[in-house]
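I opened a new notebook page for this structure. I wanted to look up its pocket, its disulfides and its core.

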Amino acid sequence: MKGPRTTSALTCDQLVPYLWPCIKYVQGKGALTESCCKGVQGLNAMAKNTQDRQAVCNCLKKAAASDSGLKPKLVSSIPGKCRVSIPYSISSSTNCSKVK
């Protein structure tokens, strides 16, 4: 018997505290910090199901597409540099509906 279907509890507003330590790095104004990596690792640990992973993907996609001074190559480099495995690339062209 399957349990009740859960909906994603993660919102973009909830992601900000995890990603804020990365802002100077992704703008090209600072180094990648341990606090950035810890935030990314914590965020990845929170995304336990498909809906959460898709919600995180959509928030990251929206941030990557915004004209906020973020450098796409630096944004997409964070998971590898922080040793976090995510099932998609962080890009404005990522199809988050395919994230499992």
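My entries follow, one topic at a time.

**Entry 1: the model**

I noted at the start that this is a predicted model.

**Entry 2: the largest pocket**

I began with the open space. How much space lies in the largest pocket? I found about 610 Å³.

Next I looked up the lining. The largest pocket has 30 lining residues. Nearest its centre lie Leu 15, Leu 19, Cys 59, Leu 60 and Ala 63.

I then asked which helices supply the lining. Five of them each give at least two residues: H1 (12–19), H2 (23–26), H3 (34–46), H4 (50–65) and H5 (72–81). Which helix gives the largest share? I wrote down H4, with seven residues.

I also sorted the lining by residue type. It holds 24 nonpolar residues, three polar ones and three charged ones.

**Entry 3: the disulfides**

I turned to the cysteines. How many disulfides are there? The count is four. I took three of them in turn.

I started with Cys 22 and Cys 36. Their disulfide has an S to S distance of 1.9 Å. The angle about its S-S bond is 100°, and the link is right-handed. Cys 22 sits in the loop between H1 and H2, while Cys 36 sits in helix H3, so this pair ties together parts 14 residues apart in sequence. Are these two cysteines buried or exposed? Both Cys 22 and Cys 36 are buried.

I moved on to Cys 37 and Cys 82. Their sulfur atoms are 2.0 Å apart, and they form a disulfide. This link is left-handed, with -70° about the S-S bond. It connects distant parts of the chain, since Cys 37 is in helix H3 and Cys 82 is in the segment after H5, 45 residues apart. I checked burial against the cut-off of under 20% relative accessible area. Cys 37 has 13% relative accessibility, so it counts as buried. Cys 82 has 3% relative accessibility, so it counts as buried too.

I then took Cys 57 and Cys 96. This disulfide has its sulfur atoms 2.0 Å apart. Its torsion about the S-S bond is about -75°, so the disulfide is left-handed. Cys 57 belongs to helix H4 and Cys 96 to the segment after H5, so the pair ties together parts 39 residues apart in sequence. Cys 57 and Cys 96 are both buried.

Last, I wrote out the pairing. With the bonded cysteines numbered in sequence order, it reads 1-6, 2-3, 4-7, 5-8.

**Entry 4: the nonpolar core**

I looked inside next. Which residues have the most contacts inside the largest nonpolar core? They are Val 40, Val 56, Ile 78 and Tyr 88, in a core of 22 residues. H2, H3, H4 and H5 each supply at least two residues of this core.

Leaving out residues up to four places away in sequence, Ile 78 touches Cys 22, Tyr 25, Val 26, Leu 32, Cys 36 and Val 40. Two of these names were already on my page: Cys 22 and Cys 36 are joined by a disulfide.

**Entry 5: Lys 62**

I ended on a residue of helix H4, Lys 62. Is Lys 62 buried or exposed? Exposed means over 50% relative accessible area. Lys 62 has 57% relative accessibility, so it counts as exposed.

I also looked up a distance from Lys 62.

Methods. Residues are numbered from 1 along each chain as its sequence is written. This is a predicted model: local features need pLDDT of at least 70, side-chain atom pairs count only at pLDDT 80 or more; totals for chains, interfaces and linings use all residues. Side-chain values use heavy atoms; hydrogens and water are left out. On a 1 Å grid over the protein atoms alone, a cavity is a set of points where a 1.4 Å probe fits but cannot get out, and a pocket is an open set with protein on both sides within 12 Å along at least five of seven lines; lining residues have an atom within 4 Å of a point. Grid points are joined across faces, edges and corners, and a volume is the space filled by probe spheres set on the points. Helices (H or I, at least four residues) and strands (E, at least two) are DSSP runs, numbered from the N terminus. Ala, Val, Leu, Ile, Met, Phe, Trp, Tyr, Cys and Pro count as nonpolar, Asp, Glu, Lys and Arg as charged, and the others, Gly among them, as polar. A disulfide is a pair of cysteine sulfur atoms within 2.5 Å. Buried means under 20% relative accessible area, exposed over 50%, partly exposed in between (1.4 Å probe, protein chains only). A nonpolar core is a set of buried Ala, Val, Leu, Ile, Met, Phe, Trp, Tyr and Cys residues joined through side-chain atoms within 4.5 Å. Contact means heavy atoms within 4.5 Å.
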